[in-house]
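This briefing covers a single protein chain and a few of its local features. The structure is shown first, and the notes follow by topic.

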Amino acid sequence: MTDVTSAKNARRPHHWRRDVIELAALFTAVAVADAIANLIGHQPDGPYLLIAAAVALVATAAFHTWWARRHSHAPPPDADGPGETAGPAGAPEQAVETVLWRMRTTVRDAPGALAALCTVLARHRIDILTLQTHPLAQGTVDEFLLRVPESLPAQHLRREISAAGGTSTWIERADAHDLVDTPTRVLGLATRTALDAAELPLALRQLLGRCTIHSVPALTVSGRPTGASAPVEGVLEDTVMKLRDPSGGVITVERPYLPFTPTEFARARALVELDARLGPRVPRSEDVLTLPEGKEITVRRADGEDLAAARAMHDRCSERTLGLRYHGPVRDADRYLDHLLNPRFGRTLTVQTASGRLVALGHLLWDGDETEVALLVEDDWQRRGIGSELLGRLVAMAAEAGCESVYAVTQAHNTGMVAAMRALSLPLDYQIEEGTLVITARLTASPAQPHAAQEEERPRLRG
């Protein structure tokens with residue numbers, strides 16, 4: 001890298017040889033001038049010739065100065081330091097704090113419409129990081145990622161954009177994740193969806209921003225048709241889009257604060273079509289852990305193929321255990337398994353013994369904007385740390401998926417579930433009504449390390 005030093009601040013090293021040469025040149029010039037003066041001064045017109053020569057020199061110097069100023073092609077001197085930028089009044093511009101904003105506005109589909117918006121942004125020293133255009137039947141939706149001075153109010157910018165021809169302007173704060181360009185982000189979401197069917201609702205939410213996603217199955221728990229359906233090509237209605245669920249039923253996406261564009265609808269439909277072509281799938285990785293008493297268990301993802309084993313576990317569970325889990329008639333417990341083991345509605349972890357018997361289930365369920373966790377551990381395997389292990393893994397999945405909180409619905413006297421939630425070392429909110437307890441854990445806070453006694457009771461990963 002070349003270091004550029006301002007001519008104003010540069011200092012050259014002092015050399016005595018140059019001083020000697022300059023003195024010699026000065027003495028020579030004085031001697032030559034004296035010789036010429038003596039030669040011409042003794043002539044009859046000598047004084048007049050000396051005066052005329054002086055006038056000619058002054059006139060030549062003045063003309064040269066005027067000509068150089070008018071016709072100079074040299075760049076202007078850099079009076080500022082290398083780290084300063086001249087502002088509109090010539091004063092150096094000081095560094096200012098900036099924030100990231102996402103802005104979407106609708107403009108007329110006419111030449112110069114976008115240029116008018118960019119002029120407004122430049123006037124306020126706003127840097128455009130990315131720009132997407134969404135053509136409509138009338139007009140174009142332009143979506144910007146901006147670096148904005150922190151002191152600029154969003155309301156003021158909204159008024160300026162409106163004056164420049166923008167309508168339906170929407171502005172919100174962004175973060176560093178929005179710096180990833182759209183094609184890269186869409187490819188990443190497609191890869192996640194291809195690897196895990198449970199990722200489809202999460203991929204849609206990340207693709208479309210803040211929105212509410214509901215998956216309505218084709219049949220109820222009791223087997224009756226729900227009447228939910230959508231055409232193969234889907235339906236787009238302003239702030240609501242409906243897509244046919246590959247597993248049956250409808251995926252409804254709502255975003256009341258901002259209408260969907262045809263481009264967003266096409267991207268969402270492409271993700272759903274990819275999921276339909278790949279069919280049911282879950283990652284097959286598994287972990288082998290050792291319980292405190294020395295027995296080994298295996299934790300892995302579950303799907304519809306585990307339905308028979310899950311029903312067999314229900315048969316071995318007591319009515320009290322099933323009642324604490326499903327909060328309803330015990331005879332209906334088996335009906336929920338089709339829904340719970342469907343990756344479209346969340347993720348399920350299962351615990352198996354060395355002989356292959358399923359002894360515990362943990363569910364992470366997508367519930368619109370919220371996320372629910374639920375546990376079921378067979379009676380003979382309770383109080384061994386299995387529930388805490390499953391809950392910790394489910395909460396980690398929720399945090400990885402970008403969920404801000406998770407909640408568990410249980411009975412007030414279910415001390416095991418309450419203890420497992422408290423062992424997460426996360427901020428908890430409790431809400432109780434008619435004996436039903438809802439415990440909400442906020443995932444935005446970093447969990448503390450578990451106490452030594454709690455750590456000893458949990459299963460350990462075999463290494």
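Strand β14 and strand β15 (residues 370–377) pair in the antiparallel sense over eight bridges; two strands count as paired if DSSP finds at least two bridges between them. Helices (H or I, at least four residues) and strands (E, at least two) are DSSP runs, numbered from the N terminus. The model is predicted: local features need pLDDT of at least 70, side-chain atom pairs count only at pLDDT 80 or more, and totals for chains, interfaces and linings use all residues. Residues are numbered from 1 along each chain as its sequence is written, and side-chain values use heavy atoms, with hydrogens and water left out.

- Ala360 has Val377 of β15 as its bridge partner.
- Two residues lie between β14 and β15 in their hairpin, and Gly368 in the turn has a positive phi of about 65°.
- β14 also pairs with strand β13 (residues 346–353), in the antiparallel sense and over seven bridges.
- Opposite Leu361 of β14 stands Thr350.
- The hairpin of β13 and β14 has four residues between the strands, and Gly356 there takes a positive phi near 95°.
- Nine of the ten residues of β14 (residues 358–367) are buried, so the strand is largely enclosed by the rest of the structure.
- Buried means under 20% relative accessible area, exposed over 50%, and partly exposed in between (1.4 Å probe, protein chains only).

**Helices α5 and α6**

- Helix α5 (residues 182–195) packs against helix α6 (residues 200–208) at an angle of about 170°, with the axes 9 Å apart.
- This makes α5 roughly antiparallel to α6, a label for angles over 145 degrees.
- Axes are lines fitted to C-alpha atoms, for helices over the stretch in contact, and angles run from 0 to 180 degrees between N-to-C directions.
- The contact (heavy atoms within 4.5 Å) involves Arg185, Val186, Leu189, Arg192 and Thr193 of α5, and Leu200, Leu202, Ala203, Gln206 and Leu207 of α6.

**Thr193**

- Thr193 belongs to helix α5 and is buried, with a relative accessible area of 0%.
- Not counting residues up to four places away in sequence, Thr193 touches Glu199, Leu200, Ala203, Leu271, Asp275 and Arg281.

**Whole chain**

- The chain holds 13 helices and 19 strands.
- Of its 463 residues, 36% count as buried.
- Among contacts between residues at least 6 apart in sequence, 62% join residues at least 24 apart.

Technical notes: Angles under 35 degrees count as roughly parallel, over 145 as roughly antiparallel, 65 to 115 as roughly perpendicular and the rest as oblique.
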